[in-house]
Amino acid sequence: MIRFFNEDTPYKLPQKQATRQWLKQQAEAEGFRIGDLNYIFCSDEHVLQVNRDYLDHDYYTDIITFDQSEEEDLLEGDIFISVDRVVDNAAQLGVAPIQEMRRVLAHGLLHLCGFGDKTPEEEQAMRAKENEWLAVWKDRNAD
């Protein structure tokens with residue numbers, strides 16, 4: 001089950017049910033099932049504190065993914081998303097904030113599917129898969 005929570009921000013994700021279905025279908029296309037998956041929308045400061053407390057990093061980021069999966073083909077975890085970073089990144093990229101939010105939602109789930117982004121090659125593969133998933137969203141939903 002995919003759930004959406006707010007930690008310290010009033011953010012409301014539009015089209016929650018369509019988003020759940022899209023993420024589920026994309027995970028299935030990668031050969032995975034979704035178990036307990038939590039997206040937590042929060043502020044820059046909250047994500048920074050999570051970064052410090054659990055990863056020993058002292059910087060802002062748009063997303064932190066914690067993999068809780070115990071079965072090979074079952075995706076479970078907690079994905080923290082800084083709404084502040086998503087909005088700022090959208091402005092810098094010249095895209096709508098909801099478009100950037102969908103990219104970040106996909107990004108977190110792709111991490112759980114095994115995609116990395118530490119090397120240029122991994123980052124290129126991640127971006128290509130994000131774009132593929134976003135094209136599927138666009139084909140199925142009107143914004």
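Predicted model: local features only at pLDDT ≥ 70, side-chain atom pairs only at ≥ 80, totals over all residues.
In soluble globular proteins, nonpolar side chains tend to be buried together. Here the largest nonpolar core has 30 residues, and those with the most contacts inside it are Leu37, Tyr39, Phe41, Ile81, Met101, Leu105 and Leu109. At least two residues of this core come from each of strand 1 (2-6), helix 1 (16-29), strand 2 (33-42), strand 4 (74-82), helix 3 (83-93), helix 4 (97-112) and helix 5 (120-140), with helix 4 giving the largest share, seven residues. The surroundings of Ile81 can be followed residue by residue: leaving aside residues up to four places away in sequence, Ile81 touches Tyr39, Ile40, Phe41, Cys42, Val47, Asp62, Ile63, Val86, Met101, Val104 and Leu105.

Helix 2 (44-55), strand 3 (63-67), helix 4 and helix 5 each supply at least two residues of the lining, which by class is made up of four nonpolar, seven polar and six charged residues.

Side chains of opposite charge can pair when their charged atoms come close. A search of the whole structure finds 14 salt bridges, one of which joins Asp73 to Arg33, with the closest N and O atoms 3.2 Å apart. Because Asp73 lies in the loop between strand 3 and strand 4 whereas Arg33 belongs to strand 2, this pair ties together parts that are 40 residues apart in sequence. Both partners are partly exposed, Asp73 with a relative accessible area of 33% and Arg33 at 40% relative accessibility.

Another salt bridge, between Glu130 and Arg103, has an N to O distance of 3.2 Å; since Glu130 is in helix 5 and Arg103 in helix 4, the pair links parts 27 residues apart in sequence. In this case Glu130 is buried, at 0% relative accessibility, and Arg103 is buried as well, with a relative accessible area of 14%.

Within helix 5, Arg127 and Glu123 lie four residues apart, about one turn of the helix, and their side chains meet in a salt bridge at 4.0 Å, N to O. Arg127 is partly exposed at 32% relative accessibility, as is Glu123 at 36%. Through shared partners, salt bridges join Asp62, Glu100, Arg103, Glu123, Arg127 and Glu130 into one network.

Terms used
Residues numbered from 1 in each chain as written. Heavy atoms only, no water. Core = buried A, V, L, I, M, F, W, Y, C linked by side-chain atoms within 4.5 Å. Buried < 20%, exposed > 50% of the residue type's maximum accessible area, 1.4 Å probe, protein only. Contact = heavy atoms within 4.5 Å. Nonpolar A, V, L, I, M, F, W, Y, C, P; charged D, E, K, R; others polar.
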